[in-house]
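Reader: I have a structure to look at and would like to learn how to read it. Could you take me through it step by step?

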Amino acid sequence: MAAAAFYDLEGTLVSTNLVHTLGFYARNQPNLVRSFTKSAATLLSVPLFAVSDQYSRKVFNDLFFKRYKGETEDRMRFFADELFEKVLKPAVFPGTFELIEKSRSIGLRQVVVTGALDVSVKPLMEYLGIIDYVANRLEFVKGVATGRLLPPVLASATKASWIRTFAEREGINLSESFAYSDSMSDLPMLSIVGHPAVVNPDFRLRQTALHHDWPILNLK
Amino acid sequence: MALQLRRKTHESIVYIDSDSAPRIMPSGEDFILEDLPVGTRVLYPNPPVKGLPNREAAIRYALNHPLGCDPLFAQLEPGMKVTIAVDDISLPLPPMATPDIRQTMLEIVLDMLAGNGVDDVHIIIANSLHRKMTAWEMKRMVGQKIFDGYYPDRYYNHDAEWKEGLIKIGETRHKEPLTLNRRAAESDLLIYANINFVPMDGGHKSVAVGLCDYESLRAHHEPQTIRDSDSYMDPARSELSNKCGRLGKIVDEHLNVFHIETAINNRMYKGDMDFLTKNEDDFSAFDRMKFEAMRYAMGKLPRAARRKMLHSMPAQYEMTACYAGKTEPVHAKIIEKGFQQYSIPVRGQCDILITGIPDISPYNVYSILNPLLVQVMGLGYHFNFYRNKPLLRKGGVMIIHHPCYDQFDHNMHPSYIEFFNRLLPESRDAFYLRDKYEREFANNPSYVEMYRRGNAYHGAHPFFMWYWGENGRQHVGKVIAAGAENAHVPAMLGWERADNLTEAIAMARTYMGSSAEITMLHQPMIGIADME
């Protein structure tokens with residue numbers, strides 16, 4: 001039976017997080033005033049994002065993706081390549097390529113499961129040579145973002161649930177599979193595979209990894 | 001016990017009498033005092049051979065009067081590409097007081113290279129599948145000046161998983177492949193600067209093992225090779241040494257290697273700690289006071305602090321010889337010199353062998369002596385410190401004294417944890433484990449990444465540690481872990497446990513008889529029992 005390596009993306013394979021992407025779009029608004037106000041609002045929201053993420057990934061998502069309200073779909077797609085070149089590509093950890101290459105060489109399917117937006121991660125996935133990935137999708141009405149995510153919202157247990165479904169559909173043995181994440185919110189995803197590992201973890205996740213004897217990687 | 005055996009046969013052999021003092025035994029991070037049964041034979045390390053008064057001069061002399069080749073200076077040309085490989089932190093143990101002998105060798109060699117117009121110089125730590133050394137450790141090993149001049153671009157650890165950094169050299173007629181560090185292999189001259197700590201070190205093992213990849217290593221780091229080595233501390237009867245010799249011939253065909261080997265004495269401690277290697281019957285009042293003070297102070301500290309303290313005491317080894325030139329004649333000279341220090345003539349095998357396991361091993365420098373490493377020190381190193389035949393008779397009982405705590409270093413030994421908890425409950429058969437799991441661990445992307453970018457031992461390393469105890473496991477009838485603080489670690493390793501040494505000896509005597517001959521290795525001890 002086949003096995004796979006499931007990766008969280010932001011903080012795990014790249015040093016950026018969701019706020020960097022939001023900040024990029026905030027800076028690139030149709031006019032200077034709007035760019036300034038959006039950027040300032042994003043900056044001022046950072047403490048709120050940090051606190052809400054510590055509390056609950058769901059609350060964080062609700063608050064965070066509201067910031068995209070009013071963005072047009074074509075504009076987001078237009079800037080995706082620039083976002084990749086200027087923000088995401090330089091942020092790929094040096095160890096990312098080695099880790100993916102080694103996993104691929106032993107026949108593991110490479111799957112990225114991320115809470116980032118699908119439009120923003122597509123070029124990065126192509127760059128890393130990853131075909132199988134799933135990301136969050138913004139809801140657009142008449143081409144304008146509503147600030148809500150389309151279900152299933154990938155976070156915490158939903159990632160684990162998606163992985164289970166994917167594994168069943170693709171005939172992947174989870175006991176033989178690997179999972180990598182930097183975030184405590186991905187504990188369910190790490191818990192359902194036979195070979196979990198944490199990457200550049202924060203204090204809480206490091207303690208959990210030590211408690212469970214999981215490998216602790218530093219891809220920086 | 002027969003009276004003729006009770007007499008002093010060698011200065012390093014002491015027989016316990018009814019009025020003998022209790023003996024000091026290391027047990028992990030502790031030192032304990034134990035009364036041994038009358039008649040017990042205690043082997044101490046030989047007194048240290050006097051170190052050379054001017055080691056710089058000795059190294060220079062060796063470089064200018066090499067064995068089997070031209071002097072180093074005569075081999076140098078401006079513009080040539082030179083790589084210097086040095087042993088890693090696994091020797092000597094504990095890490096020696098600065099300046100390290102490697103620093104002295106490097107200072108002299110680099111000076112000579114610069115004087116002959118050789119600028120393209122890299123220094124590579126031949127760590128093989130050992131953990132990579134940290135920047136701090138690398139600086140300590142070579143000194144500030146060399147570190148500043150070469151780190152990190154021209155002074156770095158060998159990476160056995162960096163495909164572009166490796167090159168296949170060939171294979172032996174026994175189909176043993178040899179892939180080496182590309183920079184070293186493609187240099188016009190490879191200089192290997194070695195410290196010979198135990199007879200297993202040095203020689204062709206330096207390049208062929210220290211700079212190779214996993215596939216090359218697994219050809220000889222395997223259970224049958226270890227079983228066929230009697231012992232692996234005796235190069236003449238070591239299949240491991242034989243295989244390294246075969247690989248070394250390929251190295252010599254393809255590379256121009258200038259080998260520098262040094263022998264050191266066994267002065268592990270000097271000054272306040274030297275009582276640890278002395279006969280307790282000869283202790284002065286001051287020695288006893290120092291021991292009690294140390295025991296009291298350490299008793300007040302938590303284990304981690306005791307470990308830290310022990311690891312921060314540098315060894316006081318002195319260089320006793322240096323030879324340079326072609327690998328084989330150089331190694332032969334150094335081995336001869338080493339045995340002058342280590343050889344203890346011993347008559348008669350014992351039925352029960354006692355050894356305390358100190359917190360010193362090649363694999364836990366600045367780290368934890370985890371259960372697999374306790375195993376490798378007991379059934380591997382301490383068992384194999386013999387020539388001709390084992391100190392313990394076939395089927396005898398080995399008593400090791402260690403707390404056997406279930407602790408692992410997550411940064412340095414991540415794959416050990418999985419090996420211990422997942423594989424050992426399934427099997428302790430080294431051949432089965434190698435066939436079924438070794439490659440899986442070696443190719444585990446997490447372990448590979450932790451080896452490459454962190455300071456972890458390679459994923460396959462716990463297997464080698466298990467194989468290292470293979471001939472001990474085959475020979476010893478029973479192992480008793482005295483002082484083990486839990487039951488499950490000894491059980492996982494296939495051992496019995498006892499609360500203390502007295503209980504362990506009583507248990508051993510029920511197997512071996514009440515008149516069983518007992519021998520104790522007085523640790524820490526670098527010595528080879530030369531069996532008659």
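Predicted model: local features only at pLDDT ≥ 70, side-chain atom pairs only at ≥ 80, totals over all residues.

Reader: In what order do the six strands of the open sheet in chain A lie?

Author: Strands of a sheet pair through backbone hydrogen bonds, either parallel or antiparallel. Here the order is β3-β2-β1-β6-β7-β8 in chain A, with parallel pairing. Strands are DSSP runs of E of at least two residues, helices are runs of H or I of at least four, and both are numbered from the N terminus. Two strands pair if DSSP finds at least two bridges between them.

Reader: What joins β6(A) to β1 and β7(A)?

Author: Three bridges link β6 (residues 178-181) to β1 (residues 4-7) in chain A, and four link β6(A) to β7(A). A:Y180 in β6(A) has A:Y7 opposite and A:A197 of β7(A) as a bridge partner. A:F178 in β6(A) stands opposite A:A5.

Reader: Which residues cover the two faces of β6(A)?

Author: A:F178 and A:Y180 lie on one side, A:A179 and A:S181 on the other, and all are buried (20 or more other C-beta atoms within 10 Å of the residue's own, with C-beta atoms placed from the backbone).

Reader: How do α1 and α2 of chain A cross?

Author: Two packed helices are described by the angle between their axes and the distance between the axes. The axes of α1 (residues 18-27) and α2 (residues 32-55) of chain A come within 8 Å and cross at roughly 160 degrees. Axes are lines fitted to C-alpha atoms over the stretch in contact, and angles run from 0 to 180 degrees between N-to-C directions. α1(A) and α2(A) are therefore roughly antiparallel (over 145 degrees).

Reader: What does the contact between chains A and B take from each?

Author: Chain A gives 17 residues and chain B gives 13; residues are in contact if their C-beta atoms, placed from the backbone, lie within 7 Å. On the chain A side, α5(A) supplies the largest share, five residues.

Key:
Residues numbered from 1 in each chain as written. Chains lettered and ligands numbered in written order. Contact = placed C-beta atoms within 7 Å. Buried ≥ 20, exposed ≤ 12 C-beta atoms within 10 Å, placed from the backbone. Parallel < 35°, antiparallel > 145°, perpendicular 65-115°, else oblique.
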